[in-house]
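Reader: I have a new structure open and would like to talk through its packing with you. Could you put it up so that we look at it together?

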Amino acid sequence: KSLKNRLQAGSKELALAQAIEVCNGVMPAKCSQLLEQLKPADYDEYQQRRVFELARRSDNSLQAMRWLLALPQDGNTYYQRIILLSQSVDQLKNNQLATDIVSDIKLSSFQQAVLLGSLAELSKDWLAAEGFYQEALSLNTPTIAAIRLAHVLFKQNKTDQAFSWLLKIQNDSNFSEEIRREAFLTEIQFYRFKSDDPEGLHKAAVYQRALKLWPLAHRIRYQYAMYFFEKNLPKEGLKQLQEILKFSPADANALNTYGYILANDFNRPRVAYKPIEQ
């Protein structure tokens, strides 16, 4: 507001400042109106990116796309366009974006393959997505596209291939630890849709394999704790939370859940108050 008061009346800088102020508030209709009045050509790239973020945070996909298209197109910009298209699938727009990606000589073969794979997923063309992700991975760039490949295999009911592929990622040190851990979580997610694991024994085994490799992977251990709570085994779940809090005593999720379980399942509200308060 202080800056806005020092800007010249009717200037493009004042118009931008007003849009920022309104869009950061709780006036979506007014925000949309102000964004429509701004012209991307009046602003530099930094300001254009700022307005794009305003539109994106305001859930105004139409304005977000308008400002996104004004920016230099690169791998990140194309991916943002795919995300925006996912909010309202339009096959003609998907096809146009695919054409833009293929014809953009600034993109590497790897970038094109990954982007086209994401776009094929958006169109639910699982076979095409599989081909694009295979192409990207053939370029020997360990990437999260490997996880997406598992998803599209699973979507095609190629479950054995999907699980085998996840196991390969988990054991391949060429992938980052983040991607390898994501492969474990994806495998657990897949078991939720399989009918041959009603007792959750396969899921438990996956958690155990992952925690053997990364005992301090708190995200995985927290989900393991929730697995026990879902099976009405609160003591085992609390043990997992205690393991997290031993190494990360300020973990908010673990503290809150620990207190809740003590109060709800063990009727110990006084003891539960301390971790919740913390």
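Reader: Happy to start with the helices. How are α6 and α7 oriented to one another?

Author: Please keep in mind that this is a predicted model. Helix α6 (residues 91-103) and helix α7 (residues 109-122) have axes 10 Å apart and pack at an angle of about 175 degrees. An angle over 145 degrees counts as roughly antiparallel, so α6 and α7 are roughly antiparallel.

Reader: Which residues make that contact, and how many of them are charged by class?

Author: On the α6 side, the contact is made by N94, L97, A98, I101 and V102. From α7 come Q112, L115, L116, L119 and L122. By class, the contact of α6 with α7 has eight nonpolar residues and two polar ones, and the number of charged residues is none.

Reader: And what is the relation of α5 to α6?

Author: The axes of helix α5 (residues 75-86) and α6 come within 11 Å, crossing at roughly 170 degrees. With the limit at over 145 degrees, that makes α5 and α6 roughly antiparallel.

Reader: How many charged residues does the contact of α5 with α6 have?

Author: Here Y78, R81, I82 and L85 in α5 meet K93, N94, L97, D100 and I101 in α6. Sorted by class, the contact of α5 with α6 has five nonpolar residues and one polar residue, and the charged ones number three.

Reader: Which handedness does the disulfide of C23 and C31 have?

Author: The sulfur atoms of C23 and C31 are 2.0 Å apart, and the cut-off for a disulfide is within 2.5 Å. The count comes to one disulfide. The torsion about its S-S bond is about 95 degrees, so the disulfide of C23 and C31 is right-handed.

Reader: Are those cysteines buried or exposed?

Author: Buried means under 20% relative accessible area. C23 has 12% and C31 has 2%. Therefore C23 and C31 are both buried.

Reader: What covers the buried residues of α4?

Author: In helix α4 (residues 61-70), Q63, A64, M65, W67 and L68 are buried. What covers the buried residues of α4 includes α2 (28-37), α3 (45-57) and α5.

Reader: Last, the backbone. Where does K124 lie, and is it buried or exposed?

Author: Most residues other than glycine have a negative phi. K124 is not a glycine, yet its phi is positive, about 60 degrees. Its place is in the loop between α7 and α8. With a relative accessible area of 63%, K124 is exposed.

Reader: And N267, is that buried or exposed?

Author: N267 has a positive phi of about 50 degrees, although it is not a glycine. N267 lies in the loop between α15 (252-265) and α16 (269-277). Its relative accessibility is 64%, so N267 counts as exposed.

Technical notes
Residues are numbered from 1 along each chain as its sequence is written. This is a predicted model: local features need pLDDT of at least 70, side-chain atom pairs count only at pLDDT 80 or more; totals for chains, interfaces and linings use all residues. Side-chain values use heavy atoms; hydrogens and water are left out. Axes are lines fitted to C-alpha atoms, for helices over the stretch in contact, and angles run from 0 to 180 degrees between N-to-C directions. Helices (H or I, at least four residues) and strands (E, at least two) are DSSP runs, numbered from the N terminus. Angles under 35 degrees count as roughly parallel, over 145 as roughly antiparallel, 65 to 115 as roughly perpendicular and the rest as oblique. Contact means heavy atoms within 4.5 Å. Ala, Val, Leu, Ile, Met, Phe, Trp, Tyr, Cys and Pro count as nonpolar, Asp, Glu, Lys and Arg as charged, and the others, Gly among them, as polar. Buried means under 20% relative accessible area, exposed over 50%, partly exposed in between (1.4 Å probe, protein chains only).
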